[in-house]
Amino acid sequence: MASQLFFENVEVGMEIGPLVKHPTSRQLVKWAGASEDFYEIHYDKDFALSTGLPSPIVHGRLKAAFLGQLMTDWAGDKGIVRKLSCTYRGMDIVGEDVICKGRVTQKYVEDDANCVECEIWTENRKGERTTPGSAIVVLPTRG
Amino acid sequence: MAEQLYWEDVQEGTEVTPLSKIATTEMLVRWATAGLDFNPLHYEDANAKAQGQAGVIVHGQLKRAWLVQLMTDWIGEQGALKKLACSFRGTDTPRGMAMIGIPKEGETWWCKGNVTKKYVEGNDHLVECEIWVENGQGTRTTPGSAIAILPSKG
Amino acid sequence: MSSSLSEADKTRLLEELRENVNKAEKSVVVEIDKSMIRRFAQAIEDPNPLWQDEEYAKQIGSGGILVPPEFFCTSMMSGGGCRPEVPLPYDRILDGGGDWEFLLPVKAGDTITSSAKLVELREKQGKSGNMLFLTFETLHKNQHDELVAKSRGVTINLE
């Protein structure tokens with residue numbers, strides 16, 4: 001894994017990512033099985049079209065999980081992801097890149113925990129944020 | 001479970017109790033993830049068309065699993081399935097989930113069979129069956145055979 | 001999509017839904033095993049050895065294969081199947097988003113009991129009709145009855 005990030009290294013405004021994901025229909029099918037979400041709008045093209053969608057779409061919760069990966073990658077082995085939240089604001093189409101990014105908005109110590117609060121989101125290639133959210137991670141200190 | 005079937009109850013020509021199935025795109029995705037077969041031929045419309053199909057098709061192995069269920073349901077808890085073989089002769093297209101409501105003609109499959117032979121080998125009381133999956137038009141897309149041991153009334 | 005329900009039925013279901021707030025509850029139990037975690041990590045294409053490599057887990061002293069926090073984002077842990085069934089008056093259902101708090105580490109081998117409750121119903125008038133925002137809260141406890149995570153999720157029901 002990458003070298004450990006420490007609380008002292010973090011500053012407000014610091015950027016996180018990008019983590020670029022390319023969800024294919026295969027990935028969506030794997031996700032359906034791993035997460036037990038078999039709603040047909042994510043893999044059945046005719047069904048998706050019948051509900052007014054342009055094509056099968058990426059599961060909102062898969063994008064939430066991508067954001068989870070963005071944060072666990074960044075926090076490293078000794079960091080702890082404490083909170084994750086996001087809103088499924090826009091659709092992402094199968095086969096198009098989902099880019100996960102973040103930015104540190106606040107750092108503080110609470111009950112001996114070194115907390116970093118971040119704004120996180122996924123965006124598409126047009127730069128539209130389809131899944132805005134936030135996260136809190138607890139980082140180790142150099143001591 | 002149904003009442004136990006005994007070897008003495010069966011003759012050549014006896015029908016294996018039919019089993020109906022409706023293949024849906026959801027069933028195919030569940031099969032893909034349970035069996036870790038991620039060939040897009042079974043869930044990605046564009047891929048299936050590029051491979052010369054009209055749309056996604058039912059996994060052959062899923063149809064084989066239906067035939068296994070046909071046999072294990074029929075032989076009951078005291079029967080034992082010894083052998084099962086089938087060939088994937090024709091393709092099947094799952095029910096279109098865009099059509100909410102009852103399945104269309106041809107979107108219900110039947111797994112069926114007949115006893116072709118009964119015999120004793122050592123202490124085992126055996127039956128051999130011709131089995132198949134047929135589509136709504138009655139076409140046998142997945143013909144095969146099976147051998148099972150049935151309990152004997154002694 | 002046109003609704004299959006009459007106006008009277010919609011009104012009745014909405015009444016029933018309102019009565020379900022803070023009442024409807026459901027619990028499900030999931031035994032999290034290594035293969036479930038491996039399949040999850042492969043599905044999101046996250047190669048982090050924390051979720052898959054027992055040797056690595058030993059080296060860093062995590063006490064076993066860790067469950068990625070975002071495993072709680074799945075439908076299995078905090079979505080459809082674990083939520084109480086409530087009457088929905090309209091046909092269109094969307095997942096609105098969620099938030100998850102991770103309180104204690106969860107490892108492969110843990111048994112998690114997730115208890116979900118409908119805690120809030122907000123009603124808004126949208127362009128195409130009524131919009132309902134249902135908030136479900138789920139508490140996740142491990143086999144030692146410790147609270148390991150909390151989830152909140154919003155389901156949107158559109159007329």
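A nonpolar core is a set of buried Ala, Val, Leu, Ile, Met, Phe, Trp, Tyr and Cys residues joined through C-beta atoms within 7 Å. A residue is buried if 20 or more other C-beta atoms lie within 10 Å of its own, exposed if 12 or fewer, and partly exposed in between, with C-beta atoms placed from the backbone. In the present structure, the largest such core has 98 residues, of which A:Leu67, A:Met71 and A:Val137 touch the most other members.

This is a predicted model, in which local features need pLDDT of at least 70 and side-chain atom pairs count only at pLDDT 80 or more, while totals for chains, interfaces and linings use all residues. Residues are numbered from 1 along each chain as its sequence is written, and chains are lettered from A and ligands numbered from 1 in the order in which they are written.

- Chain A contains three helices and five strands; helices (H or I, at least four residues) and strands (E, at least two) are DSSP runs, numbered from the N terminus.
- The order of these elements along the sequence of chain A is β-α-α-α-β-β-β-β.
- The C-alpha trace of chain A spans about 55 × 30 × 25 Å along its principal axes.
- Of the 143 residues in chain A, 48% are buried.
- Two residues are in contact if their C-beta atoms, placed from the backbone, lie within 7 Å. Among contacts in chain A between residues at least 6 apart in sequence, 68% join residues at least 24 apart.
- In the core of 98 residues, the largest share, nine residues, is supplied by H3(A).
- Neighbours within four places in sequence aside, A:Met71 is in contact with A:Val81, A:Leu84, A:Ile120, A:Ala135 and A:Val137.

**Helix H1 of chain A**

- Ten of the eleven residues of H1(A) are buried, and the helix is thus mostly covered.
- The buried residues of H1(A) include A:Leu28, A:Val29, A:Lys30, A:Trp31 and A:Ala32.
- These buried residues pack against helix H3 (60–75) of chain A, H1 of chain B, and helix H2 (34–44) and helix H4 (75–78) of chain C.

**Contact of chains A and B**

- Chain A gives 14 residues to this contact and chain B gives 15 residues.
- On the side of chain A that touches chain B, helix H1 (25–35) and helix H2 (45–50) of chain A are the elements that give two or more residues. H1(A) provides the largest share of that side, six residues.
- The side of chain A that touches chain B has five nonpolar, three polar and six charged residues. In this classification, Ala, Val, Leu, Ile, Met, Phe, Trp, Tyr, Cys and Pro count as nonpolar, Asp, Glu, Lys and Arg as charged, and the others, Gly among them, as polar.
- H1(A) packs with helix H1 (residues 25–35) of chain B at an angle of about 80 degrees, the axes being 9 Å apart. Axes are lines fitted to C-alpha atoms, for helices over the stretch in contact, and angles run from 0 to 180 degrees between N-to-C directions.
- H1(A) and H1(B) are therefore roughly perpendicular to each other; angles under 35 degrees count as roughly parallel, over 145 as roughly antiparallel, 65 to 115 as roughly perpendicular and the rest as oblique.
- The residues that make this helix contact are A:Val29, A:Lys30, A:Ala32 and A:Gly33 of H1(A) with B:Val29, B:Ala32, B:Thr33 and B:Ala34 of H1(B). By class, they are five nonpolar, two polar and one charged.

**Contact of chains A and C**

- Of the two pairs of chains that touch, chains A and C have the most contacts.
- Chain C contributes 30 residues and chain A 28 residues.
- H2, H4 and strand S2 (92–102) of chain C each supply at least two residues of the side that touches chain A, and S2(C) gives the largest share, eight residues.
- The side of chain C that touches chain A comprises 13 nonpolar, ten polar and seven charged residues.
- Strand S2 (residues 80–87) of chain A and S2(C) run antiparallel and are joined by five bridges; two strands pair if DSSP finds at least two bridges between them.
- A:Leu84 stands opposite C:Trp100 in S2(C).

**Chains B and C**

- Chain B and chain C have no contact, and their closest C-alpha atoms lie 9 Å apart.

**Sheet of chain B**

- Five strands of chain B form an open sheet in the order S1-S3-S4-S5-S2, with antiparallel pairing.
- Strand S1 (15–21) and strand S2 (80–86) of chain B stand at the edges with a single partner strand each, so one side of each is left without a neighbour in the sheet.
- The twist from one strand to the next averages 20 degrees.
- Six bridges pair S2(B) with strand S5 (residues 140–149) of chain B in the antiparallel sense, and B:Ala85 has B:Ser145 in S5(B) as its bridge partner.
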